[in-house]
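These are notes for a colleague opening this structure. Please read them with the model on screen.

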Amino acid sequence: MKNRLKAIFALLVLAAALWALQARHGSLPPLATFLDPVNGFWRNNAASDAIPETLSIAGLRGQVTVVWDDRHVPHIFAANEDDLYRAQGYLTARDRLWQMDFLSRYAGGRLAEVIGPRVLEMDLLQRRLGMTWGAENFLKGIAGDAAMRRILTAYCNGVNAYVDALKPAAYPVEYKILGYAPSRWTPFDIALLLKYMAWDLTGYGNELGLTRTRQAAGEAVIDALFPFFAPFQDPVIPAGTAWAPAPSPPVPSRNGAARPGAGPVAAADPFGEPVGSNNWVVAGKKTKSGFPILCDDPHLQLTLPSIWYEVQLSAPGLNVRGVSLPGAPGVVIGFNEKIAWGVTNAGSDVLDFFQLRFRDSRQREYAWGETWRPLTWRREEIRVRGNKTVVENVPYTHLGPLPFAASRPGRPDWIPEGAAMRWTGHDASAILDALYRLNRARGYEDFKAAIAGFDCPAQNFAYAGSDGRIAIWHNGKFPLRARGQGRYLLDGSDPQSEWAGWVPMDRVPHSEDPERGFVSSANQSPTGDAYPYYLGWDYGTFERGRRINELLETATGISGADMARMQGDALSLRARTILPRLLAILNTAPLTAVERERAEGLARWDFVHRAESTEPTVFSRFFVELYKAIWDDDLERGGKLFLAPKADVTMDLILGDAGSPFFDDAATPEKESLADIVVRAFRRALALLQEERGAFSPRWRWGQANPVVIGHLGRIPGLGAPALAVSGGRGVINAASGGHGPSWRMVVELGPGVKAWGSLPGGAAGNPGSRFYDDGVRDWAAGRAVELLFLRSAAEAHPRIAARTSLRGKR
């Protein structure tokens with residue numbers, strides 16, 4: 001009997017094991033499939049790094065030569081454009097197929113199709129925001145452009161040539177982990193990627209919080225805490241620049257008159273700033289070579305695979321090197337033999353919400369002037385893995401989608417209920433044509449003509465030419481609005497609230513060959529108050545922009561190596577500006593011996609966020625706690641603020657208005673002074689650090705307390721990089737912090753022979769088993785740049801060439 005029970009038990013265990021191997025577990029595939037020695041994850045190893053001598057790609061008209069450098073970057077040489085873009089699509093898919101697929105699914109609200117119901121709300125949000133509608137509008141906009149349609153078709157055909165030849169054993173490992181297969185690539189996927197980038201860089205707003213704050217606290221508080229021109233700013237185009245006057249657009253009669261309901265309050269965050277980046281160009285009179293040097297480092301979410309894919313594209317009339325967006329043709333940031341360009345996010349306001357007034361509770365018609373207009377409905381179908389298809393009918397107005405007619409799960413707290421959304425990213429766009437022209441530009445006039453079509457996302461385009469010219473353009477499609485229009489929720493029943501047109505492209509802020517010998521941007525205000533068009537008010541704080549300018553103003557004999565080092569600068573202007581005032585208060589406070597020791601350490605600090613230093617950890621936590629002590633009580637229920645002022649306004653208040661009522665903690669019966677909350681915040685910061693990291697020790701070093709984490713794009717554990725100790729942080733030039741930072745660093749020195757250096761926080765490959773998956777991470781973390789190989793022909797010899805592949809059409 002005992003032996004029989006053992007046998008039965010063994011059979012049950014075997015049956016359970018077999019079930020476990022064959023069944024899906026949530027979003028994970030059956031283990032038997034994943035562990036399959038023939039088709040499982042074992043096949044995703046470094047063997048994929050082998051470079052074939054020849055490849056056959058359906059549709060190629062001529063021979064294409066790919067030169068691979070020692071960092072696995074492809075340098076593609078083709079005899080015609082169709083073959084060039086077909087090869088680019090094929091090779092990008094070879095290295096980054098799953099990344100392309102995942103981002104397109106995310107942008108288009110199609111993740112639930114392969115992951116299941118746990119991401120359904122994410123998909124529904126993308127559909128409600130009109131991302132698929134915007135992608136369709138993009139394709140409609142290029143329907144009459146045969147040349148652009150041909151480029152998209154060639155690129156997609158290249159991707160699909162790779163997909164069609166791909167066997168399950170060779171699927172990227174993420175497909176095996178998540179248990180689904182690649183799908184064919186289309187122009188619609190490319191359009192979705194472009195809308196994803198546009199939303200990532202411009203899809204934010206604070207109209208709701210400001211409208212509530214104005215209703216609770218009044219216009220005077222808004223003017224003081226949320227000024228049109230923030231303190232300490234050193235604008236992209238220097239203050240004092242003369243501007244031609246502009247016509248005045250109609251002023252909405254009831255701007256911001258709508259009354260939103262109650263809702264969540266934004267938490268106080270001194271580092272809560274829009275997406276950022278740095279770029280600058282120095283003229284030849286300040287450089288060692290006598291030619292301009294351009295520098296660019298766009299700050300984005302850091303992921304593996306890296307957001308950018310390095311490539312060189314060469315065909316008749318074209319030889320360009322830089323980074324591309326995986327899944328789309330061309331080079332986004334880069335250089336050719338004659339020019340270089342780089343971008344930072346403009347930050348100007350291109351999204352407004354219009355509070356609607358419905359005719360009745362059915363919400364089928366909305367007021368517009370003296371008439372009622374019917375809503376239209378867009379049917380969105382979302383397939384859900386393991387569940388029924390979900391159908392969402394999204395209401396639209398003539399302005400755009402109505403994401404949330406009423407409160408429901410998945411609504412971001414900054415998006416108002418009952419408000420239509422007008423966003424330039426929903427419009428048709430010439431962005432790919434702009435990049436096409438930019439890649440081929442031979443001088444400044446070509447550059448200007450190209451960027452005129454780069455509409456959304458708006459960017460600060462920095463330019464350097466081999467002829468010595470330099471420039472910067474705050475470039476994009478900006479709504480023509482009265483001053484402050486769109487700062488609050490707009491009255492969606494007033495036709496005068498609608499945008500009156502667009503700021504003329506030749507009147508957007510720009511600077512050409514300035515006398516000071518450099519141009520720069522770091523997401524700060526584009527201009528001073530004298531600029532005649534209203535572009536917005538919510539820009540990045542001053543620190544990076546001022547630091548860049550102070551370094552460039554005194555620099556002479558600059559080399560490319562100097563500029564690469566400057567991209568790693570970690571001095572904090574925030575600390576240098578505010579810390580002396582805070583230390584003066586602490587010097588007269590009754591501190592303990594341990595507290596006094598930490599304060600003295602801050603007094604000796606040189607304001608540089610070095611990975612091995614402890615002072616940045618103490619200062620950053622001190623400032624966070626002080627910021628929260630000032631604003632949290634006003635943001636809590638019953639307070640009069642529904643949005644926290646920025647760090648620059650807070651610093652200005654500390655330095656210039658010690659008697660401000662905002663320093664009093666409304667949650668206590670006492671009346672606190674600035675000195676009271678400074679001492680309280682310092683003590684709390686030290687107590688929290690000790691609680692989190694133990695007694696003062698090397699564990700308080702900045703690199704350990706604030707590591708940079710480059711996670712996997714799909715948040716799959718084990719496929720990201722180890723935590724990195726980096727000298728830098730938010731608010732400094734090397735703005736690497738948490739999972740955010742420079743996604744690509746580039747330095748280009750123009751001249752008879754272009755030289756360039758770069759750094760990617762990742763690698764060329766998307767396969768975690770490849771040595772090129774994250775081979776650039778260590779150099780990036782250390783601030784080291786590598787010279788970028790830029791070839792003039794496919795036959796050129798160079799010691800860093802690893803191999804060549806000949807691509808031919810299939811017979």
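1. Helices H16 and H19 are roughly parallel to each other, because their axes cross at roughly 30° and angles under 35 degrees count as roughly parallel. H16 covers residues 573-587 and H19 residues 647-656, and their axes come within 10 Å. The crossing is left-handed, meaning that the near helix is turned anticlockwise from the far one by less than a right angle. Axes are lines fitted to C-alpha atoms, for helices over the stretch in contact, with angles from 0 to 180 degrees between N-to-C directions.

2. On the H16 side, the contact (heavy atoms within 4.5 Å) is made by Arg 574, Thr 577, Ile 578, Arg 581 and Leu 582. H19 contributes Ala 647, Met 651, Ile 654 and Leu 655. By class, six of these residues are nonpolar, one is polar and two are charged.

3. This is a predicted model, in which local features need pLDDT of at least 70 and side-chain atom pairs count only at pLDDT 80 or more, while totals for chains, interfaces and linings use all residues. Residues are numbered from 1 along each chain as its sequence is written, and side-chain values use heavy atoms, leaving out hydrogens and water.

4. The protein chain has an average pLDDT (the predictor's confidence in each residue, from 0 to 100) of 92, and 91% of the residues score at least 70. Over residues 10-15 the pLDDT is below 50, and this stretch has zero contacts in the model beyond near neighbours in sequence. Where pLDDT is low, the predicted coordinates should not be read in detail.

5. An open sheet of eleven strands has the order E1-E27-E2-E3-E7-E8-E9-E10-E17-E18-E20, with mixed pairing. Strands pair if DSSP finds at least two bridges between them; helices (H or I, at least four residues) and strands (E, at least two) are DSSP runs, numbered from the N terminus. At the edges are E1 (54-56) and E20 (510-512), each pairing on one side only. From one strand to the next the twist averages 20°.

6. Within that sheet, E3 (residues 74-77) runs parallel to E7 (residues 309-315), joined by three bridges. Phe 77 has Ser 314 of E7 as its bridge partner. Helix H3 (residues 81-108) packs on the sheet, touching strands including E1, E3 and E7, and its direction makes about 160° with that of E7.

7. A three-strand open sheet, also mixed, has the order E16-E11-E19. E16 (419-423) and E19 (490-491) each have a single partner strand, so one side of each lacks a neighbour in the sheet. Five bridges join E11 (residues 351-355) to E16 in antiparallel fashion, and Phe 354 stands opposite Ala 420 in E16.

Note on methods: Parallel < 35°, antiparallel > 145°, perpendicular 65-115°, else oblique. Nonpolar A, V, L, I, M, F, W, Y, C, P; charged D, E, K, R; others polar.
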